[in-house]
Amino acid sequence: MFTGLPGAGKSTLASALAAMLREGEGRRVTLLDGDAVGRLLSSERGFSREHREINLRRVGFVAGEVTGHGGIAVCALIAPYAASRRELRRSIETIGGFVKVHVSTPLGTCEARDPKGLYAKARAGLIGGLTGIDDPWEPPENPDVEIDTTDIPPDLAVRRVLAKLGSLGYIRQARTRTGAPAHVPDQSASHPLAAQRQPAFPCGLRQTHTFDNRTFSVELVCSGLITCVVIFFPMKLPIYLKNTANMPLAVRYNH
């Protein structure tokens with residue numbers, strides 16, 4: 001999980017990391033950007049603490065489903081509250097591994113970038129509750145990786161994350177065709193998450209879960225060499241996630 005202030009570079013690094021992991025042709029990789037997923041799973045959300053925590057729990061639920069079925073969920077979330085981050089870590093670690101990356105880019109740099117114009121709106125009084133301006137930001141005390149993107153290019157920053165993942169045993173280092181080192185997911189039986197690579201239930205079987213007072217049906221669908229996780233949410237708006245082969249994982253809403 002990448003966490004940090006708005007404009008710190010979380011989405012850029014998460015997207016680059018997901019792309020590098022996909023190159024290894026190992027386990028499925030799903031990118032969960034907090035803003036993009038929030039617009040679909042938490043369209044009613046605002047900047048209040050309650051809405052932020054609801055969105056974090058929903059993203060965590062999807063990440064847990066991906067992880068539980070042998071995939072890798074790469075998340076980019078502001079997640080400003082330490083207690084909420086700890087809760088998320090605990091829930092994911094019951095299923096698989098969790099690595100927290102603090103994108104520690106200073107507020108001044110983030111505000112100068114202001115890619116979505118949020119800081120300008122907050123300074124003008126047009127919006128309230130923006131993290132770092134009029135809502136608290138609680139920096140992680142013990143992140144697994146800390147990166148300030150002020151003076152480091154994204155590819156170098158991501159390689160630091162890959163090095164950490166390798167040191168923890170989640171991925172291994174291999175050689176590309178040119179001989180350069182490249183990180184790919186570890187497929188060995190000794191890998192700490194090897195036991196979780198097998199689907200929790202056979203292809204075609206649907207399970208039902210209750211989350212946030214709603215019922216979710218999760219179905220594993222296999223077609224040839226492609227395996228998809230289909231999640232049915234109790235709403236009507238469809239959203240799509242992608243697996244390693246860039247095939248859509250249909251996440252459909254229904255009553």
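**A buried aspartate, then a helix pair**

Reply: Let's start with one residue. Asp114 is buried, because its relative accessible area is 15%, and the cut-off for buried is under 20%. Keep in mind that this is a predicted model.

Me: Where does Asp114 sit?

Reply: Asp114 is in the loop between helix H5 (107-113) and helix H6 (118-123).

Me: Which residues does Asp114 touch, not counting those up to four places away in sequence?

Reply: Asp114 touches Tyr119 and Ala120.

Me: And how far apart are the C-alpha atoms of Asp114 and Ala8?

Reply: They are separated by 9.2 Å, though Asp114 and Ala8 are 106 residues apart along the chain.

Me: New topic. How many helices and strands are there in the protein?

Reply: The protein has seven helices and 12 strands.

Me: At what angle do the axes of H3 and H4 cross?

Reply: Roughly 20°. Helix H3 covers residues 49-68 and helix H4 covers residues 82-93. Their axes come within 10 Å. So H3 is roughly parallel to H4.

Me: Is the crossing of H3 and H4 left-handed or right-handed?

Reply: The crossing of H3 and H4 is right-handed.

Me: Which residues make the contact?

Reply: H3 brings Glu53, Leu56, Arg57, Gly60, Ala63 and Gly64. H4 brings Ser84, Arg85, Glu87, Leu88 and Ile92. By class, the contact of H3 with H4 has four nonpolar, three polar and four charged residues.

Me: Zooming out, what share of the residues in the protein is buried?

Reply: Buried residues are 46% of the 255 residues. The protein exposes about 12700 Å². Carbon and sulfur atoms supply 52% of that area.

Conventions:
Residues are numbered from 1 along each chain as its sequence is written. This is a predicted model: local features need pLDDT of at least 70, side-chain atom pairs count only at pLDDT 80 or more; totals for chains, interfaces and linings use all residues. Side-chain values use heavy atoms; hydrogens and water are left out. Helices (H or I, at least four residues) and strands (E, at least two) are DSSP runs, numbered from the N terminus. Buried means under 20% relative accessible area, exposed over 50%, partly exposed in between (1.4 Å probe, protein chains only). Accessible areas come from the Shrake-Rupley method with a 1.4 Å probe; for residues, only the protein chains shown count as cover. Axes are lines fitted to C-alpha atoms, for helices over the stretch in contact, and angles run from 0 to 180 degrees between N-to-C directions. Angles under 35 degrees count as roughly parallel, over 145 as roughly antiparallel, 65 to 115 as roughly perpendicular and the rest as oblique. A crossing is left-handed if the near helix is turned anticlockwise from the far one by less than a right angle, and right-handed if clockwise. Contact means heavy atoms within 4.5 Å. Ala, Val, Leu, Ile, Met, Phe, Trp, Tyr, Cys and Pro count as nonpolar, Asp, Glu, Lys and Arg as charged, and the others, Gly among them, as polar.
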